[in-house]
Each structure stands twice: as structure tokens, then as C-alpha cells.
Amino acid sequence: MAQIKKANGIIDWLDQRLAVNKLFNVLMAQYWIPKQINFLWAMGVILTTLFSVLFISGLFLLMYYKPDVGLAFDSVNKTIMQEVEYGWLWRHMHGVAASVIFLIIYIHMLTGIYYGSYKRGREMIWVSGMLLFVVFSAEAFSGYMLPWGQMSFWAAQVITNLFGGIPFIGDELVIWIRGDFAVSDPTLTRFFMLHVCLLPVVILTIIAFHFYSLRIPHVNNEISEELDFDLEAEKYLAGDTKGSKVIPFWPGFLSKDFMYISFFMIFFFYLVSFNFDFAMDPINFEPANPLKTPAHIYPEWYFLWSYEVLRGFFFDIGSIKAFDIGLLAFGIAQIIFFLLPWLDRSDVVKPAHERPLFFIWFWILLIDMIILTIYGKLPPTGINAWIGFYASIVFLLLLLVILPIITIMERKRG
Ligand code: HEM
């Protein structure tokens, strides 16, 4: 047993029992971050902040929400929005944070792609990040069902139907997921369980793993320079703080992040107070009605690109049905980014503007995903359907074929 002495303060008392000083050093004061990074490296901490906002506002909403098809709509639109004091504020915060978190996730992912932060020992950071993306998508989808409006119901109908396309077990699987033959009360209650219990626990676990996966390879930097972190840390600790290329996570990195978080929160509360509409579909202010299909069913903006890949293949090819081709393409779109560290065949780790072919590839991919997003919301008829088709083909080719080819060329050139 450790030697316990009379403590000279609360920190010393805790340190003797929990080694809090050592823990603080490992997690904060001696966790090293490169100096040469820009505001894009604040996105991870902004994501952590937004997740906390979602968690806290969710707890307040949970106090009044009723997971029952007869009560859910009114518990949100009447009780929370009109009767509970500041209920509207918590709901707007929750809705806006859910939408904005995807914008920041996409910026965070694109930063990783642009600077090659998924390579040279950083593969597990990337894979755990992608796991977060997938689980966040499930969290957003299950949350969207809870108000039990028209879009909640019909989105659930469309998405659960997709599982029907899986060979052999599809039909049984759809019934199992819905808990009934149709989307109904058991479907709502199980998605409620996922949204407020299972998925948040999974998200917290993966966030912890994502942070842990950063420990060994460390964070990348703006010029993608390979640093000797031990050597640079030694320099810093020896007093050469100017010459060292790293700073400690606390207070160096986090204090600067607080500034970015403050600017971001001003923008966030501006949206919550004055511009929250973009996060709430008007059709969802109508109660769910299984007998009335909305003219157009589309998901929230952050799922539109993959939804368009699903719809893009709108004609049968030989005996293969359009639905099956779309479903396969959609399945590939969901997992393709996981494979990025291996689809990129080059060992060059540099920012995209120093990799000419990759730079062009990056911008074409981004533009293509914006086109998919725009057309994902338009009715899939006439020219729209063809644009969706070609944009989906370009998306798949860019990742599956063009990326390996240009990165092999890059490696050969040295
Ligand atoms: C809510 C979800 C997420 C949280 C809270 C989060 C948090 C963080 C934090 C705090 C960092 C270190 C600082 C920084 O570079 O920003 C980081 C780095 C990183 N994250 Fe995430 N992240 C999330 C989602 C993702 C996703 C979806 C991906 C992509 C698949 C991803 C990929 C990465 C990569 C590659 C790095 C290393 C960046 C570098 O080395 O420069 N993360 N993340």
C-alpha cells in the first residue's frame, strides 16, 4: 500500500490516492501537439463541445418526451415547444446542434483527407473516426423519428425498407427491425431506446477510443512534417519553448481552442435564436399519417449525397433490378471511406496542394459530393435523374478506381 502522509491541500490529498498529477500530465500538460497547425485542427474539440450540447439538451427534452405513437407528436410540438418554459430553446439547441455537427464532421474529415492524416500510422484514428460517423448517422436517424411527424414516419419507412434488399434474410430482417409488419409503435419505442441509451454509450466509447488512437502517432500538422515528438518534448521541457516544434495540449493548444469554441458558440446561438428553420423540415410539423405519402421523401441535408447514390441507378440493367444496383452502390458509399488509407497507394504524406494529381482529385470529389447533395433533394425525374446517375458513377469511380491509379503514379514518381 502507498505511503499516505498528511496532505497539504486537496490536490495533494487526491494525488496520494488517485495520482491525479500524473494523470493530468499524461492527458494534458505533457501530451504534445505540433505548433504548426491552423484553425482546422480545432474542429475535433468543437465536435466534442457540440456532442456535449446534444447530450445536455437531450436530457432536458427527455424529461417531457413521450415515446408512444399516440403522444409523441404532441409531447414535442405542444408540451415542449409551447408549455414548458424554455422548452423551445432546448429543442432548437438540440436540432441545430444535430445538423451543425455533421457540417463540422465533414470539415474534420475533409481536413484529414487534404493533409493525408489517415496515413503513416494514423490509420486507426481514421477508422475510429469513420466508426463515429456511422454511429452518429444512426443516432441522427433514430432521433429524427422521435417527433413522429410525416417525415419521421416516411423516412423510417424508406430506410427500414432498404434492409429488404439484403438477399435471403431481407424480408425477415425488416420485420425484426421494425418490431412489427409496418412502421408503428414498437418501431418508435426501439428507436427511442437506441437514440437515448445504446447509441450514446457506443458514441462515448468510440470517442474515448478515437482520442486514445491519437496518442502514439500524434496529431498531423499543416506541412505534414514527420516530427520526433519525444525529442521536441524534451526541448520544450528543458526550457527551449521557442525552438521546440510542439506545445502541450494544456494550456497551449486548448486555450487557443477555447477562442475558436467561443467564436463558434456565438455563431451557434445566432442560429438557435434566429435561423433554426434549416434544421427542421416543415413537413415534420404535420403528424405522421401512414395513409398520406408526402410528395417528396428526402432525408436531412447531411444524408442527401448518399441518398442520391441510392437513387442514382434508376434503371434495370439486364435482369438486375434498379433497386438492387442502387442498394449495392449505397452500401459501397457507406463503407468506402473506411478503406481510404488503403485505397491511397502512395506513401507520400503531404498536404494536397503539394500532390498535384491528388489535389485535383480532392476538389473533384468535393464538387461531386455537393452536386449529389443538391440533386438528392430534387425530384428524381428527367434531367435530374441523369445528373444523379452520372454524379453517382463519378463518385464510385473517383474512390474505387481513380484514387488507386493516381496514388500508384505518385509513388512511382517518388
Ligand atoms: C464527433 C466525432 C468526432 C470527435 C469528437 C473527434 C475528435 C477529434 C479530436 C479532438 C482530434 C484531435 C484534434 C484535431 O485534429 O481536431 C481528432 C483528430 C482526428 N480525427 Fe476526429 N473526431 C470525430 C470524428 C471524426 C471523423 C468522422 C473522422 C473521419 C473519418 C475523424 C478523423 C480524424 C483524424 C484523421 C484525426 C487526426 C487529424 C490529424 O492528425 O491532423 N474524426 N478528432
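**Around the ligand, and beyond**

Author: Sorted by class, the shell around the ligand has 16 nonpolar, eight polar and one charged residues. This is a predicted model, where local features need pLDDT of at least 70, side-chain atom pairs count only at pLDDT 80 or more, and totals for chains, interfaces and linings use all residues. Residues are numbered from 1 along each chain as its sequence is written.

Reader: What makes a residue nonpolar, polar or charged here?

Author: Ala, Val, Leu, Ile, Met, Phe, Trp, Tyr, Cys and Pro count as nonpolar, Asp, Glu, Lys and Arg as charged, and the others, Gly among them, as polar.

Reader: And how many residues surround the ligand?

Author: 25 of them, and the closest are G44, G112, S117, G129 and N220. To be near, a residue needs its C-beta atom, placed from the backbone, within 6 Å of the molecule. Helix 3 (43-62), helix 5 (87-114), helix 6 (123-145) and helix 9 (185-213) are the elements that give two or more residues to that shell. Helices here are DSSP runs (H or I, at least four residues), numbered from the N terminus.

Reader: Why are helix 3 and helix 5 called roughly antiparallel?

Author: Their packing angle is about 160 degrees, and the axes are 9 Å apart. Angles run from 0 to 180 degrees between N-to-C directions, with axes fitted to C-alpha atoms over the stretch in contact. Over 145 degrees counts as roughly antiparallel, so helix 3 and helix 5 get that label. Their contact has 17 nonpolar, six polar and one charged residues.

Reader: Why is L162 called partly exposed?

Author: L162 has 16 other C-beta atoms within 10 Å. The cut-offs, with C-beta atoms placed from the backbone, are 20 or more for buried, 12 or fewer for exposed, and partly exposed in between. So L162, which has 16, is partly exposed. L162 lies in helix 7 (residues 150-162).

Reader: What makes phi of A19 and of H218 worth a look?

Author: Most residues other than glycine have a negative phi. A19 has a positive phi of about 50 degrees, and phi of H218 is near 65 degrees, also positive. A19 sits in the loop between helix 1 (10-18) and helix 2 (20-29), whereas H218 is in the loop between helix 9 and helix 10 (229-237). With 13 other C-beta atoms within 10 Å, A19 is partly exposed; H218 has 19, so H218 is partly exposed as well.

How values were computed: Parallel < 35°, antiparallel > 145°, perpendicular 65-115°, else oblique.
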